[in-house]
Amino acid sequence: MCGIVGYIGNKEAYPILIKGLHRLEYRGYDSAGVALTDKNGKLSIYKAKGRVADLEEFCKDKNISGNIGIAHTRWATHGEPSNQNAHPHYSESESIALIHNGIIENYAVLKEQLIRNGYHFQSSTDTEVMVQLIEYVKTLNKVDLCTAVQLALNEIIGAYAIAVVEKDNPDQIIVARKSSPLVLGIGEDEYFIASDASPIIEYTNRVIYLEDEEIAVVSRHEPPRIITIKNVEKTHEIIQLEMNLSQLEKGGYPHFMLKEIFEQPQTLRDCMRGRIDVSCQHVVLSGIIDHRERFVNARRIIILACGTSWHAGLVGKYLFETFCRIPVDVEYSSEFRYRNPVIYKDDIIIAISQSGETADTLAAVELARQAGAFVYGICNVVGSSIARNTHSGSYTHVGPEIGVASTKAFTAQLVVLSMMSLCIARALKTVDDAHFFRLLQELNRIPDKIEKILKLNDAIKNLSKIFTYAHNFIYLGRGFNYPVALEGALKLKEISYIHAEGYPAAEMKHGPIALIDSEMPVVAIATDNGMYEKVISNIQEIKARNGRVIAVVSENDTVVKSIADYVIEIPATEDCFDPLLTTIPLQLLSYHIAVNKKRDVDMPRNLAKSVTVE
Ligand code: G6P
């Protein structure tokens with residue numbers, strides 16, 4: 001979490017930094033700040049609690065200028081959101097300023113030592129310790145800023161992406177990273193730094209991704225010099241980005257989330273392009289084909305993920321077990337990494353992460369690698385840490401997802417998992433040819449079916465008005481739709497702040513049914529698939545206790561229609577692809593309820609899109 005951005009060149013830095021902060025605001029938005037060095041070498045910091053817009057308001061009547069600056073948008077870890085705790089932070093003498101994304105685990109010990117050496121702290125953040133330590137080391141050893149950063153980082157335990165500027169050296173920014181992302185943008189006599197490429201793409205598509213424990217010295221007139229914290233010189237290939245600016249704009253939609261929901265037919269076509277051939281006879285995932293033997297001989301699959309990606313993983317379990325007959329465990333990365341799990345060398349680990357930066361998933365991947373397992377990544381962000389730390393993988397290719405609540409990344413994760421399971425099943429011969437072709441053809445039709453569901457947007461918007469003031473919701477599904485129930489409830493919680501629980505429908509009678517009364521809306525996924533009759537019985541049980549049922553049903557359904565209070569009709573598909581369709585109306589329902597409640601849909605309170613702290 002937290003977004004960092006920096007600029008050095010011949011243009012005014014402030015507008016570039018503010019625009020960059022807006023692009024990174026999805027990473028955190030409880031306070032923001034900027035540090036600039038002006039022509040006279042004066043280093044100034046401006047910061048404000050709240051959104052980037054609050055920082056702009058604060059800076060409105062200030063005379064801010066300078067061609068070099070760093071800026072930060074924060075998601076609080078140590079210390080509440082406040083002006084004092086906002087970044088950048090000054091060193092004791094106010095000659096150095098620093099911004100940071102990550103967590104310093106040994107900050108308390110370092111802080112105590114620095115206080116003993118006469119340093120004073122203005123904030124309760126772990127970050128301030130870094131800038132003070134850099135100044136302390138610099139003064140003590142009489143070294144330049146880069147060496148001081150290097151020495152200080154050797155003392156630090158934790159995760160960081162930092163940018164540091166110094167009053168007496170107004171022609172350079174020092175950046176470094178470990179376990180938090182950092183990208184350098186290479187322009188003409190100008191350089192950009194950012195947590196991801198979105199603030200950079202407007203100016204240049206040439207970037208360098210820093211690796212862990214690397215430091216870059218970024219100066220106006222020469223290419224960045226890269227060294228490690230252990231003083232090894234490095235050279236890096238410049239990568240050409242394929243992202244375009246329109247992907248970062250709302251394109252006429254009121255929110256990124258709605259835009260991203262509506263993009264799904266196209267993003268899923270993009271995700272399948274070149275992987276399923278036009279005649280739907282083959283699925284080609286090079287990440288699997290290159291390691292065919294590994295997959296064919298896998299003893300077990302362990303899927304690691306967090307949040308929405310974990311829900312995709314749960315659908316993955318149903319897919320792999322159904323088609324490949326390989327046992328699958330789905331684990332929260334945060335639990336897996338700390339519980340000494342049993343990992344066999346012939347296990348396949350699949351790490352799912354939209355951002356590719358989720359700290360817990362990254363650490364869980366590292367653990368699995370150390371145990372000798374083969375790790376496959378399903379990521380959206382190209383070049384992200386998880387993508388780079390896995391043996392093989394598949395990108396979801398949905399373009400930047402900016403709304404904090406994940407939508408298009410989720411459905412693309414489901415498509416990748418579907419393609420993977422079919423690709424492996426083919427190699428294992430666990431699915432016969434006719435069935436395989438039928439499934440591929442159906443997967444290929446899914447984007448058209450989603451287009452049809454999106455036409456229900458107005459009807460779902462009307463439906464949402466009935467439930468805007470509900471205090472609780474229950475979501476029910478079975479089989480492949482059980483994870484969708486969890487995901488539907490999560491979407492509602494995240495953006496409307498209504499308490500919601502997802503449940504496997506049959507489990508209701510073991511507790512949650514006690515909650516049912518006429519005040520309790522129940523969203524039941526009751527499409528005409530393998531569990532249809534069973535779900536109908538579960539709906540009957542809810543109706544018998546006066547619950548209000550909104551059912552997602554297959555077109556032409558008559559039975560559920562006659563029992564449920566409201567129905568949303570969607571096209572039929574194969575059981576295994578049902579989640580790709582049933583999730584769409586639930587995304588729209590959550591979105592409209594949140595809009596009715598005037599919630600900040602794209603930046604819900606307390607959340608961040610990229611969770612780079614554990
Ligand atoms: C955060 C986001 C969720 C996301 C989760 C995992 O909580 O708000 O939308 O599902 O992190 O993120 P990842 O990037 O690993 O998929």
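Tutor: In this predicted model, Glu214 has Thr228 of β13 as its bridge partner. That pair belongs to the antiparallel pairing of strand β12 (residues 214-219) with strand β13 (residues 225-228), which extends over four bridges. Helix α4 (residues 127-141) packs on the sheet, where it touches β5, β6 (96-104) and β7 (158-166), and its direction makes about 130° with that of β6. Helix α5 (residues 145-155) also packs on the sheet; its contacts are with β6, β7, β8 (172-178), β12 and β13, and its direction makes about 160° with that of β7.

The sheet as a whole is open and consists of seven strands, ordered β5-β6-β7-β8-β12-β13-β14, with antiparallel pairing. At its edges stand β5 and β14 (233-234); each has a single partner strand, so one side of each lacks a neighbour in the sheet. The peptide bond joining His87 and Pro88 is cis, with omega about 0°. Most peptide bonds, by contrast, are trans.

A further open sheet has five strands in the order β17-β16-β18-β19-β20, and here the pairing is parallel. Its edges are β17 (328-332) and β20 (392-395), each with a single partner strand, so that one side of each is left without a neighbour in the sheet. From one strand to the next the twist averages 20°. Within this sheet, strand β18 (residues 347-353) and strand β19 (residues 374-379) run parallel and are joined by six bridges. One of the bridge pairs is formed by Ile352 and its partner in β19, Ile378. Helix α14 (residues 408-428) packs on this sheet and touches β18, β19 and β20, its direction making about 140° with that of β19.

The protein is divided into domain 1 (3-246), domain 2 (251-453) and domain 3 (455-598). Between domain 2 and domain 3, the C-alpha centres lie 25 Å apart, and 37 residues of domain 2 are in contact with 31 residues of domain 3.

Helix α15 (residues 433-454) and helix α20 (residues 578-596) have axes that come within 9 Å and cross at roughly 25°. The two helices, α15 and α20, are therefore roughly parallel to each other, and α15 passes α20 in a right-handed crossing. On α15 the contact involves Leu443, Ile446, Lys449, Ile450, Ile453 and Leu454, which meet Leu580, Leu581, Ile584, Pro585 and Leu588 of α20. By class, the residues of this contact are 10 nonpolar, no polar and one charged.

Helix α20 also packs with helix α16 (residues 457-467), at an angle of about 55° and with the axes 8 Å apart. That angle makes α16 oblique to α20, and their crossing is right-handed. From α16 the contact draws on Asn457, Ile460, Lys461, Leu463, Ser464, Lys465 and Phe467, and from α20 on Pro585, Leu588, Leu589, His592, Ile593 and Asn596. These residues divide into seven nonpolar, four polar and two charged.

One backbone detail remains. Asn556 has a positive phi of about 70° although it is not a glycine, and its place is in the loop between β24 (548-554) and α19 (559-563).

Note on methods
Residues are numbered from 1 along each chain as its sequence is written. This is a predicted model: local features need pLDDT of at least 70, side-chain atom pairs count only at pLDDT 80 or more; totals for chains, interfaces and linings use all residues. Side-chain values use heavy atoms; hydrogens and water are left out. Axes are lines fitted to C-alpha atoms, for helices over the stretch in contact, and angles run from 0 to 180 degrees between N-to-C directions. Angles under 35 degrees count as roughly parallel, over 145 as roughly antiparallel, 65 to 115 as roughly perpendicular and the rest as oblique. A crossing is left-handed if the near helix is turned anticlockwise from the far one by less than a right angle, and right-handed if clockwise. Contact means heavy atoms within 4.5 Å. Ala, Val, Leu, Ile, Met, Phe, Trp, Tyr, Cys and Pro count as nonpolar, Asp, Glu, Lys and Arg as charged, and the others, Gly among them, as polar. Two strands pair if DSSP finds at least two bridges between them. Domain bounds come from an automatic or database domain assignment.
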